[in-house]
Amino acid sequence: MLNKKIVLDAHEKDLLKEIANICAGNAATSLSQLLSKKIEMNVPNVHFIPISEVPKAVGGAETLVVSIVFQVFGDAPGIILLLFSQSDARTLAGILNGEAVKNGVLTEMDQSALKEAGSILAAAYLNTLSAVTKIALIPSTPGILIDMAGALIDYILIELSTVTEYALLLDSVFIDAGKSVQGHFFLLPNSGSLELILKAIGESVNGS
Amino acid sequence: MDPKEYNPAEEIHVGMADMKVAQAPIVLTSLGLGSCVGIILYYPRTQIGGLAHIMLPDVALVKNRTNRAKFANTAIPDLLEKLEKMGAERRFVKAKIMGGAHMFGFAKTNKVFNVGVRNVEKVKEVLKDLKIRLVAEDVGGSYGRSLYFYLSTGEVRVRTINHGERII
């Protein structure tokens, strides 16, 4: 597992993208029901990146990010991260709270709304992934962290004692009446979990 | 001089679980430290110094010990040795430490410990054992830090988000 490069062939990448879009579709349906308005979501791209490059993917180790963090329990434990830039987090909080977008820091109310939306997304993604892979995956309650991207990675690797080498990054876009929000959805499987998930995805396709 | 005007070629980045030594006018940097601790050792006479970015306190507590720069009690002696090989005399070497935050805000897991605090404690203990003077520190809190260690002066600029910026 250590230092092993994960390279997806075009077929596997298409497959993951397809699964990610089904996840996003289910998540959008849940959000739309909660808010009683149409929210669209799509996943334009998926990549596997080494965990040390997670900060780079969101603008660098010093970049301020708003992150919703979940631990994943079940047969393939790991971490789920939902990262937004501060301005995108504000826009999304505005959509959720039905308020105009404001400037300044995120209020308790905003943070709570983001956590709630994060929970819905995490549950929708994991349910879909569980259905495809037949692996039980259960999210914890959400935590929110607003700080440098590098400090967040410290937190995941050290304080949550996560043993992981790779992150699966799903670029996600939320659209509500022309307002679009860019989010980064990361799945960080513990070592072992990743192989389990990839294998299960492969089997589900070849078997069908 | 505005720090932004430094030629980027003069900055050397020290990643997580890594260490670097250099001489003035190089700037050693580590970005976005959370519960990690950045330790700088500086020998003013020849303006040489090093930066170690450790993740965990004690090498004895883990199985995978391949990366000595990851742990306080292996990284600091190694860093000192590198400086001594470059001609530094131990009794004039000064240390500064930064980081060791506790990034709460997440539902606590069952472990009632705080890696940031343990990292800082261990770093201080190791410095004491090596008889290196700790001249400044900027540790604790619950926020991330970025470090810029200017080898021409021995100063460290600590940047944070929403918690100010200072030079120690």
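Trainee: Why is B:Asn162 called exposed?

Mentor: This is a predicted model, and the word rests on a value computed from it. The relative accessible area of B:Asn162 is 65%. Exposed means over 50%, so B:Asn162 is exposed. The residue lies in the loop between β9 (155-159) and β10 of chain B.

Trainee: What makes the phi of B:Asn162 worth a remark?

Mentor: Most residues other than glycine have a negative phi. B:Asn162 is not a glycine, yet its phi is positive, about 70°.

Trainee: Why is B:Gln47 called partly exposed?

Mentor: Its relative accessible area is 32%. Buried needs under 20% and exposed needs over 50%. The 32% of B:Gln47 falls in between, so the residue is partly exposed.

Trainee: How do you know that A:Thr128 is buried?

Mentor: Its relative accessible area is 7%. The limit for buried is under 20%, and therefore A:Thr128 is buried. It belongs to helix α4 of chain A. Neighbours within four places in sequence aside, A:Thr128 is in contact with A:Ile19, A:Ile22, A:Cys23 and A:Asn26.

Trainee: Why are α3(A) and α4(A) called roughly perpendicular?

Mentor: Two packed helices are described by the angle between their axes and the distance between the axes. Here the angle is about 85° and the axes are 9 Å apart. Angles of 65 to 115 degrees count as roughly perpendicular, so α3(A) and α4(A) get that description.

Trainee: Which residues of α3(A) and α4(A) meet?

Mentor: A:Ala89, A:Leu92, A:Ala93, A:Leu96 and A:Asn97 come from α3(A), and they meet A:Met109, A:Asp110, A:Ala113, A:Leu114 and A:Ala117 of α4(A). Sorted by class, this contact has 8 nonpolar, 1 polar and 1 charged residues.

Trainee: What makes α3(A) mostly covered?

Mentor: Of its 12 residues, 9 are buried. Among them are A:Asp88, A:Arg90 and A:Ile95. The buried residues pack against several elements of chain A, including α1 (10-35), β2 (64-74) and α4 (108-133).

Trainee: What does the comparison give for α1(B), residues 72-85?

Mentor: Helix α1(B) has 14 residues and reaches 20 Å, close to the 20 Å expected. B:Gly87 follows this helix and has a positive phi, near 105°. The buried residues of α1(B) include B:Ala72, B:Leu79 and B:Leu83. Their cover includes β2 (18-23), β4 (37-43), β5 (48-54) and α2 (115-129) of chain B.

Trainee: Why is the pairing in the open sheet of chain B called mixed?

Mentor: Strands of a sheet pair through backbone hydrogen bonds, either parallel or antiparallel. The order of this sheet is β1-β3-β8-β9-β10, 5 strands in total. Strands β1(B) and β3(B) run parallel, joined by 3 bridges. β3(B) and β8(B) pair in the antiparallel sense over 5 bridges.

Trainee: What makes β1 and β10 of chain B the edge strands?

Mentor: Each of them pairs on one side only.

Trainee: What makes β3(B) mostly covered?

Mentor: Of the 7 residues in β3(B), 6 are buried.

Trainee: How do you know that the peptide bond from B:Ala24 to B:Pro25 is cis?

Mentor: Its omega is near 5°, and the bond is cis. Most peptide bonds are trans. B:Pro25 is in the loop between β2 and β3 of chain B.

Key: Residues numbered from 1 in each chain as written. Chains lettered and ligands numbered in written order. Predicted model: local features only at pLDDT ≥ 70, side-chain atom pairs only at ≥ 80, totals over all residues. Heavy atoms only, no water. Buried < 20%, exposed > 50% of the residue type's maximum accessible area, 1.4 Å probe, protein only. Helix = DSSP H or I, 4+ residues; strand = E, 2+ residues; numbered from the N terminus. Contact = heavy atoms within 4.5 Å. Pairing = 2+ DSSP bridges. Axes fitted to C-alpha atoms, helices over the stretch in contact; angles between N-to-C directions. Parallel < 35°, antiparallel > 145°, perpendicular 65-115°, else oblique. Nonpolar A, V, L, I, M, F, W, Y, C, P; charged D, E, K, R; others polar. Expected span 1.5 Å × (residues − 1).
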